[in-house]
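I opened the notebook to go through one structure, and I list below what I looked up, entry by entry.

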Amino acid sequence: MRTELLKSTSQIQGSTDSNYLTPEQIPSTVEDVLAATQFVDIHTHLFAPAFGKLGLWGIDELLTYHYLEAEFFRSSDTTPEEYWSFSKRQQADAIWRTLFVENTPISEATRGVIAVLKAFQLQTDSPDLDEARSFFKAQTIEAHIRNVFQMSGVSVVAMTNDPLDPEESPFWLKGVQPDRQFLAVLRLDRILVNWSAHWKVLAGQGYQVDEHATGKSAAEVRRFLADWHERMQPVYMACSLPDTFEFPKETAGNRLLKEAVLPACRELDLSLSLMIGVRKQVNPLLRLAGDALGRADLRALENLCREFPDNRFLVSVLSRENQHELCVYARKFNNLMPFGCWWFMNNPSIVEEITRERIEMLGTSFIPQHSDARVLEQVIYKWNNTRTTLARILSDSYRLLLEDGRGVTRSDIQRDVTRLFRSNAEAWMNLRATVSNSTE
Ligand code: RAT
Ligand code: ZN
């Protein structure tokens with residue numbers, strides 16, 4: 001049956017390429033191409049070595065990832081108050097004991113730690129963390145980064161850089177050399193979502209802004225963005241928004257979005273990334289692990305895409321229920337680029353569902369994944385999992401195409417994988433220009 005299909009494929013006019021793969025060759029070719037292609041990671045919370053201690057890595061950081069902290073409280077009697085009073089090392093020990101020794105680590109986040117230990121040939125069932133700690137202690141950060149990037153098949157990552165973060169901004173103000181592997185992203189949550197708590201910081205820096213973002217405020221925020229653009233050379237601007245986000249609506253954040261951020265993005269030729277659907281601090285006791293999600297009304301996105309055709313929007317949505325609408329909007333607006341399976345969506349079963357839907361509705365015109373890594377070594381398991389899931393999905397897509405009557409070559413697969421995992425991101429981050437600038 002399959003051979004018959006293949007024969008009929010080669011009889012189609014223009015389909016006589018002898019390089020067409022047989023149905024049996026497709027899965028292994030897809031796997032090979034995915035393994036050999038260097039990916040661009042469009043959203044992480046990693047930092048270049050120049051940012052010193054802000055860059056998290058090693059076993060204690062891996063174990064105290066907030067995804068694991070949330071799981072820890074489900075299986076331990078330790079209260080959040082007690083947990084936060086522990087040292088980082090004690091926290092990591094408690095999480096290891098609870099989630100990895102007393103329970104089997106079968107959740108996505110726990111399996112991730114196991115996969116990282118395995119990647120470095122460390123014991124995965126040890127009762128304590130001694131071996132892992134001494135392994136990581138022996139690494140020097142630059143060489144370790146090179147190794148980790150190579151193991152994860154990632155060539156470049158985008159950071160998340162908040163100019164109003166009191167720990168981060170001093171590095172920028174002092175001057176940081178551009179790093180070809182860690183690209184800056186100007187993050188605007190404090191300005192667009194929490195203006196009332198942060199306008200005074202801008203005012204304190206000499207920008208003439210006021211609490212309600214009236215008068216000169218928008219022009220002054222534009223000046224602030226231009227100054228930070230100069231300092232950071234970001235590859236895009238970004239903001240995470242609540243599920244209640246509405247546009248248009250008369251708020252300080254929306255005024256600054258419309259009159260400062262969107263014009264600045266147009267002028268500087270930068271995309272704006274909107275990550276929509278977070279419900280911050282539904283359980284503040286859990287700190288970073290205390291955020292949840294809500295279904296958003298994506299008409300706000302529709303309005304933005306239509307009203308600002310000269311802006312480009314990179315968009316990820318946190319609610320599973322919003323994923324289908326996002327694909328529909330991407331079909332309507334080519335200034336909208338869906339990216340990644342964000343946070344609570346980044347589990348293989350949901351990634352599979354979302355990605356199949358996106359391929360069916362958008363072909364290769366989207367960015368399937370970002371890692372959102374906060375701890376360096378996480379890129380190893382996150383990208384490995386993405387490759388595994390994508391291999392299955394792409395193989396199925398090519399098999400269906402073959403059954404419909406069109407053969408597939410290795411170079412077709414290479415072109416598609418490159419577009420999905422590199423060139424869409426490169427185009428929306430103006431990456432070629434940035435990389436060549438930083439090497440000049
Ligand atoms: O996935 C995460 O680690 C979240 O805590 C958020 O940081 C989210 O990814 C974001 O960028 O807001
Ligand atoms: Zn993030």
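In which loop is the place of Arg287? I found Arg287 in the loop between β6 (271-279) and β7 (292-293), where strands (E, at least two residues) and helices (H or I, at least four) are DSSP runs numbered from the N terminus.

Before going on I noted the conventions. This is a predicted model, in which local features need pLDDT of at least 70 and side-chain atom pairs count only at pLDDT 80 or more, while totals for chains, interfaces and linings use all residues. Residues are numbered from 1 along each chain as its sequence is written, chains are lettered from A and ligands numbered from 1 in the order in which they are written, and side-chain values use heavy atoms, with hydrogens and water left out.

Entry: Arg287, continued. I looked up the backbone and saw that phi of Arg287 is near 55°, a positive value in a residue other than glycine. Arg287 is partly exposed, with a relative accessible area of 46%; buried means under 20%, exposed over 50% and partly exposed in between, with a 1.4 Å probe and protein chains only.

Entry: Trp343. Phi is again positive in a residue other than glycine, near 55° for Trp343, which I located in the loop between β9 (336-338) and α17 (348-362). Trp343 counts as buried because its relative accessible area is 13%.

Entry: the whole chain. I counted 20 helices and nine strands in the protein chain. The radius of gyration, taken over C-alpha atoms, is 23 Å, close to the 22 Å that the globule rule gives for 440 residues, so the chain is as compact as a globular protein of that length; the rule is 2.2 Å times the number of residues to the power 0.38. The C-alpha trace spans about 75 × 55 × 45 Å along its principal axes, and 54% of the 440 residues count as buried. Among contacts (heavy atoms within 4.5 Å) between residues at least 6 apart in sequence, 77% join residues at least 24 apart.

Entry: the zinc ion. Which residues coordinate the zinc ion (ligand 2)? I read His43 (NE2), His45 (NE2) and Asp372 (OD), at 2.0 to 2.1 Å, and along the chain these donors follow the spacing H-x1-H-x326-D. Donors are N, O and S atoms within 2.8 Å of the metal (3.2 Å for Na, K and Ca), and I keep in mind that water is not among the atoms, so sites may look incomplete. His43 counts as buried at 2% relative accessibility, and His45 counts as buried at 16%.

Entry: two prolines. A cis peptide bond, with omega about 0°, joins Phe247 and Pro248, and I placed Pro248 in the loop between β5 (236-242) and α14 (252-268). Pro163 is in the loop between β2 (154-158) and α10 (169-174), and Pro163 is buried, with a relative accessible area of 2%. Leaving out residues up to four places away in sequence, I found that Pro163 touches Ser169, Leu186, Arg187, Phe224, Trp228 and Met232.

Entry: Thr110. Is Thr110 buried or exposed? Thr110, which I found in helix α7 (residues 108-119), is buried, with a relative accessible area of 2%. Not counting residues up to four places away in sequence, Thr110 touches Leu68, Glu71, Leu99, Phe100 and Pro105.
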